[in-house]
Amino acid sequence: MDIAYLTGYSSWTEERVFALLVSRTGQALLLAPAINEGEVKQTSWADRACFYQDGENPWEKAKKRMTAWPKGFWALEARAVTLSHYRAIKEVFPEANLAADISSWLARQRMIKSPAEIEKLQAAGRLADQALDLAFALLKAGQGMSESERPLNWTTS
């Protein structure tokens, strides 16, 4: 979810590593399974992506792309990193300090909304209000009627 927020690209690769790596100097690398390559290449992340095949160690692939990056310190989104991923990172990057959790920082960043995001939230709120108004009207009109008695195409008009 936070990768989608930060990059504009989301993936539902639950069993595969899908990670956004960002150096303290601002370099970024989107680490993704090769099955997502076509989708990622259609985004602004095409030149900052590293793809790996099933059976390859994704962290080894990332390390080859990160040779000029500063060494040593990593911040992780703790709720998004499994123990097996943590161990795999430590195996490939044994010098890395993985103690920092950026979950709260990401949550604060997501609270800051752009004008476009505010507009979308307001539109969603208006739609939710309309849905509630309709639901309450239906409840009033259908007093004493069970769900099974109500016709599927039943409306208030």
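Colleague: Why does Ala 28 count as buried?

Modeller: The model is a predicted one, and the accessibility is computed from its atoms. Ala 28 has a relative accessibility of 18%. Buried means under 20%, so Ala 28 counts as buried.

Colleague: Where is Ala 28 placed, and what is it in contact with?

Modeller: Ala 28 sits in strand E2, residues 28–33. Beyond its neighbours within four places in sequence, Ala 28 is in contact with Leu 21, Val 22, Trp 45, Arg 48 and Trp 69. Trp 69 is 41 residues away from Ala 28 in sequence, with the C-alpha atoms 9.6 Å apart.

Colleague: How do you know that Ala 28 and Trp 69 are in contact, given a C-alpha to C-alpha figure of 9.6 Å?

Modeller: Contact is judged on heavy atoms within 4.5 Å, whereas the 9.6 Å runs from C-alpha to C-alpha. By the heavy-atom criterion Trp 69 is among the contacts of Ala 28.

Colleague: What makes Ser 23 buried?

Modeller: Its relative accessibility is 10%. The cut-off is under 20%, and therefore Ser 23 counts as buried. Ser 23 lies in the loop between E1 and E2. Setting aside residues within four places in sequence, Ser 23 is in contact with Trp 69 and Pro 70. Between Ser 23 and Trp 74 there are 8.1 Å from C-alpha to C-alpha, at a separation of 51 residues in sequence.

Colleague: Why is Ser 11 called buried?

Modeller: Ser 11 has a relative accessible area of 15%, and under 20% is what buried means; Ser 11 is therefore buried. Ser 11 belongs to the loop between helix H1 (2–7) and strand E1 (19–22). For Ser 11 and Asn 36, the sequence separation is 25 residues and the C-alpha to C-alpha distance 7.8 Å.

Colleague: Which residues of helix H3 are buried, and how do you know that they are on the same side?

Modeller: In H3 (residues 58–65) the buried residues are Pro 58, Trp 59 and Ala 62. Their arc around the axis is only 95°, which puts them on the same side of H3.

Colleague: What caps the N-terminal end of H3?

Modeller: Asn 57 does, with a side-chain oxygen 2.9 Å from the backbone nitrogen of Trp 59.

Colleague: How do you know that the buried residues of H4 line one face?

Modeller: Those buried residues are His 85, Ile 89 and Val 92. Down the axis of H4 they fall within an arc of 70°, so they line one face of the helix. Leu 83, Ser 84, Arg 87 and Glu 91 are exposed on the other side of H4.

Colleague: What makes Ser 103 buried, and what joins its side chain to that of Asp 101?

Modeller: The relative accessible area of Ser 103 is 13%. Since buried means under 20%, Ser 103 is buried. A polar contact of 2.7 Å joins the two side chains; the limit for such a contact is 3.5 Å. Ser 103 is in helix H5, residues 103–111. Further along the chain, beyond four places in sequence, Ser 103 touches Leu 76, Glu 77, Ala 78 and Arg 79.

Colleague: How many helices and strands does the protein have, and what pattern does it follow?

Modeller: There are six helices and five strands, in the pattern α-β-β-α-β-α-β-α-β-α-α along the sequence. Of the 157 residues, 27% count as buried. Among contacts between residues at least 6 apart in sequence, 47% join residues at least 24 apart.

Methods
Residues are numbered from 1 along each chain as its sequence is written. This is a predicted model: local features need pLDDT of at least 70, side-chain atom pairs count only at pLDDT 80 or more; totals for chains, interfaces and linings use all residues. Side-chain values use heavy atoms; hydrogens and water are left out. Buried means under 20% relative accessible area, exposed over 50%, partly exposed in between (1.4 Å probe, protein chains only). Helices (H or I, at least four residues) and strands (E, at least two) are DSSP runs, numbered from the N terminus. The arc is that of the directions from the helix axis to the C-beta atoms. A polar contact is a pair of N or O atoms within 3.5 Å; within protein, one must be able to donate a hydrogen and the other to accept it, and residues adjacent in sequence count only if both atoms are side-chain atoms.
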